[in-house]
Every structure is written in structure tokens, then in C-alpha cells.
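Please look through the structure shown below together with its sequence, and then follow the report, which goes from the sheet to single residues.

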Amino acid sequence: MKVLDTTPPTIEILVPADLAVYWVREIVLADWTVSGAEGGSVDASAAVGAPIDTSTGGEHVFTVTAVDASGNATSASVLYSVLYQLVV
């Protein structure tokens with residue numbers, strides 16, 4: 001008897017942290033993990049170790065989506081803000 005996999009992958013977003021605040025053009029490297037997606041696919045706003053978007057000010061959403069080999073899908077998102085620095 002074959003066991004049906006109904007458990008979606010798990011996602012943990014470490015960087016950017018939810019509600020974090022960064023400066024425009026600050027270099028912030030993405031850090032996240034996915035488990036349980038073996039044989040499936042993973043898509044993210046930025047790869048692990050790649051810079052997240054800080055090119056413009058405002059609120060930004062960082063998302064990671066994973067689908068395992070059985071088609072179980074999950075997604076996780078965090079909101080972060082990017083501020084302009086004022087030079088006096």
C-alpha cells in the first residue's frame with residue numbers, strides 16, 4: 001500500500017526579518033530555508049545569499065514558495081521597509 005504524502009514543505013525566512021527596516025541601497029543578503037520539498041521546486045524573491053530589493057523606499061514583500069514532489073504547496077512572506085537617508 002502506497003502512503004499518500006499530504007504534508008506541504010516548511011519554510012523559514014530569516015532575512016529579511018518580518019517588519020525589518022533597511023536603508024535605500026543597503027546590501028542585505030537573503031537567508032531562508034525550505035524543508036520537505038525534495039524532488040519539487042522552490043521559488044523566492046531572492047536566492048539565499050543574494051541581495052534583497054532595497055533599491056527604492058517604501059514597503060516591500062519578500063516571498064518564498066515551495067512545492068514538493070507530491071504537489072503539496074506552501075508559501076511564506078514577510079514585510080520589510082526601506083527608508084531614504086537624509087543628509088543634513
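Four strands make up an open sheet, whose order is E2-E6-E5-E4 and whose pairing is mixed. Strands are DSSP runs (E, at least two residues), numbered from the N terminus, and two strands pair if DSSP finds at least two bridges between them. Strand E2 (21-23) and strand E4 (41-44) stand at the edges with a single partner strand each, so one side of each is left without a neighbour in the sheet. On average, neighbouring strands of this sheet are turned by 25° against each other, direction ignored, where the axes are lines fitted to C-alpha atoms.

This is a predicted model, in which local features need pLDDT of at least 70 and side-chain atom pairs count only at pLDDT 80 or more, whereas totals for chains, interfaces and linings use all residues. Residues are numbered from 1 along each chain as its sequence is written, and side-chain values use heavy atoms, with hydrogens and water left out.

The pairs of strands can be taken one by one. E2 is joined to strand E6 (residues 73-83) by three bridges, and these two strands run parallel; within this pairing, valine 82 in E6 is the bridge partner of tyrosine 22. E5 and E6 pair in the antiparallel sense over 10 bridges, and they form a hairpin with five residues between them, in whose turn glycine 71 has a positive phi of about 90°. E4 is joined to strand E5 (residues 58-67) by four bridges, and this pair runs antiparallel. Valine 64 in E5 stands opposite alanine 44, and valine 64 also has a bridge partner in E6, namely alanine 76.

| Residue | Relative accessible area | Class |
|---|---|---|
| Tryptophan 23 | 39% | partly exposed |
| Threonine 54 | 6% | buried |
| Threonine 65 | 31% | partly exposed |

Tryptophan 23 is found in strand E2. Threonine 54, in contrast, is found in the loop between E4 and E5, and a polar atom of its side chain lies 2.7 Å from the backbone oxygen of glutamate 26.

Key:
Axes are lines fitted to C-alpha atoms, for helices over the stretch in contact, and angles run from 0 to 180 degrees between N-to-C directions. Buried means under 20% relative accessible area, exposed over 50%, partly exposed in between (1.4 Å probe, protein chains only). A polar contact is a pair of N or O atoms within 3.5 Å; within protein, one must be able to donate a hydrogen and the other to accept it, and residues adjacent in sequence count only if both atoms are side-chain atoms.
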